[in-house]
Amino acid sequence: WDDIRHYWRQMIELPKSKEVQTEDENYGDVEVDDLEQSSFFLTPITSISWTNFLDSNYSFPDPSDININMMPFIVGKTFESSKLPVYVKPYWSLIKACINPELNRASHHLWDRRSNPSDLGRVYYLTIQESYVEAGSSQRRPGLHVDSPGEVRIKNEECEAVKEGVGSSQPFRGHRWGKGCAHFVGHCKNTEIGEDEDDPNYGEDEPSFVLQGGIYVASSVSSSCKAWNCSIAPQAVGRLGDTEHLRGALPGPGQELQAGQLYWITDRTPHESLALPEGSYRQFFRLVTSQVSLWYRNHSTHNPLGVEPDPSITRVVVGDKFGDDGVEVVDPDPSALERRMEELERLRQNSDSDTE
């Protein structure tokens with residue numbers, strides 16, 4: 001058992017501080033494929049500096065029994081350009097807080113938009129669940145897990161989207177569900193991020209980070225979700241993201257998320273929904289960024305304004321993801337990719353013209 005526990009601990013990546021090595025890294029010119037370089041895997045977004053990219057003016061609206069899951073929408077400067085249905089407009093302050101860094105990157109004069117463009121115009125995914133939760137129950141998925149789906153059984157492995165495996169339902173790992181990386185880019189003074197001069201820390205150096213990708217979550221009920229500031233290696237992630245077998249190897253007791261606070265996590269940050277000690281109405285908010293490998297049509301909410309997953313990044317699959325038979329990849333519309341690229345180029349041209 002000692003050998004097994006040692007092996008599981010090796011599958012857990014702890015945060016690593018990464019010092020800036022070059023001038024380019026100061027404005028996001030960094031590789032994001034290696035999550036081992038991430039400075040953290042869990043943070044309340046009001047606790048970090050984004051060099052004026054942060055918008056903490058958000059709150060939960062009055063509930064209206066919304067229940068949507070992974071609805072695709074466009075990263076736009078306004079609610080209308082984001083192409084979301086009007087009934088989620090009360091959540092715009094939360095949505096805007098999540099996408100504001102991308103909007104700023106699209107116009108920031110020092111950001112290298114060619115080598116590392118913003119996600120303006122990309123497809124993100126919105127989940128909102130508003131419901132009463134009975135005492136002793138959890139609103140969301142119980143048990144320790146990550147959002148990266150881990151092992152997925154694909155029926156039609158001959159599809160271009162599937163590169164591994166043989167057989168009628170071959171398991172495949174490594175799918176993304178938002179990815180996520182936090183890069184340390186040096187220190188800035190509080191004066192550069194608009195702090196109050198009366199603040200005793202005004203003018204002090206503080207660490208500055210750039211977040212790329214990832215997942216944003218918030219809840220209206222404190223201590224209804226717990227997360228750990230670490231990342232799980234893909235080979236240790238079980239089916240549907242299950243990581244319960246790693247609970248004893250996690251670093252510390254974890255962090256219970258507080259009501260009304262927006263948090264950023266990666267798709268391999270372990271977390272769990274907690275049972276409520278008393279019955280309560282709960283609002284849950286989640287925004288998943290563009291790097292999603294598979295969109296489960298049978299388990300996701302269609303956008304009534306016609307926004308669909310980006311075929312250059314995401315494959316649509318049909319079937320029961322909880323079943324044993326596996327899911328089937330849907331061949332994308334040949335013209336869908338061309339339409340997406342045209343729309344993306346148009347949005348970026350409009351962004352460039354706004355900065356001139």
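1. Helix H2 (92-107) and strand E8 (205-212) each contribute at least two residues to the lining of the second largest cavity in this predicted model. Helices (H or I, at least four residues) and strands (E, at least two) are DSSP runs numbered from the N terminus. H2 gives the most to this lining, with 4 residues. The complete lining consists of Cys98, Pro101, Glu102, Arg105, Tyr124, Leu211, Gln212, Gly213, Tyr216 and Thr289. A cavity is a set of points on a 1 Å grid over the protein atoms alone where a 1.4 Å probe fits but cannot get out, and lining residues have an atom within 4 Å of a point.

2. The volume of the second largest cavity is about 40 Å³; a volume is the space filled by probe spheres set on the points, which are joined across faces, edges and corners. Its lining residues divide into 5 nonpolar, 3 polar and 2 charged. Here Ala, Val, Leu, Ile, Met, Phe, Trp, Tyr, Cys and Pro count as nonpolar, Asp, Glu, Lys and Arg as charged, and the others, Gly among them, as polar.

3. On the basis of the model: local features need pLDDT of at least 70, side-chain atom pairs count only at pLDDT 80 or more, and totals for chains, interfaces and linings use all residues. Residues are numbered from 1 along each chain as its sequence is written, and side-chain values use heavy atoms, with hydrogens and water left out.

4. The whole structure holds 3 cavities of 30 Å³ or more. Among the residues that line the largest cavity are Glu151, Arg153, Arg239, Tyr296, Asp320 and Lys321. Its lining comprises 4 nonpolar, 2 polar and 5 charged residues.

5. The largest pocket has a volume of about 710 Å³. Of the 33 residues in its lining, Arg140, Arg141, His145, Asp147 and Arg286 are the closest to its centre. A pocket is an open set with protein on both sides within 12 Å along at least five of seven lines. The lining of the largest pocket includes 15 nonpolar, 11 polar and 7 charged residues.

6. E3 provides the largest share, 4 residues.

7. Two of these strands, E10 and E14, also belong to an open sheet of 3 strands, in the order E12-E10-E14 and with antiparallel pairing. Strand E12 (255-256) and strand E14 (271-273) stand at the edges with a single partner strand each, so one side of each has no neighbour in the sheet. Two strands pair if DSSP finds at least two bridges between them. E10 (residues 225-227) and E12 pair in the antiparallel sense over 2 bridges, and Lys226 stands opposite Glu256 in E12.

8. Met70 is not a glycine, yet it has a positive phi of about 50 degrees; Met70 is found in strand E3 and is buried, at a relative accessible area of 1%. Lys83, also a residue other than glycine, has a positive phi near 55 degrees. Lys83 is placed in the loop between E3 and H2 and counts as partly exposed, at 34% relative accessibility. Buried means under 20% relative accessible area, exposed over 50%, and partly exposed in between (1.4 Å probe, protein chains only).

9. For the protein chain overall, the secondary structure comes to 3 helices and 18 strands. Of its 356 residues, 49% are buried.
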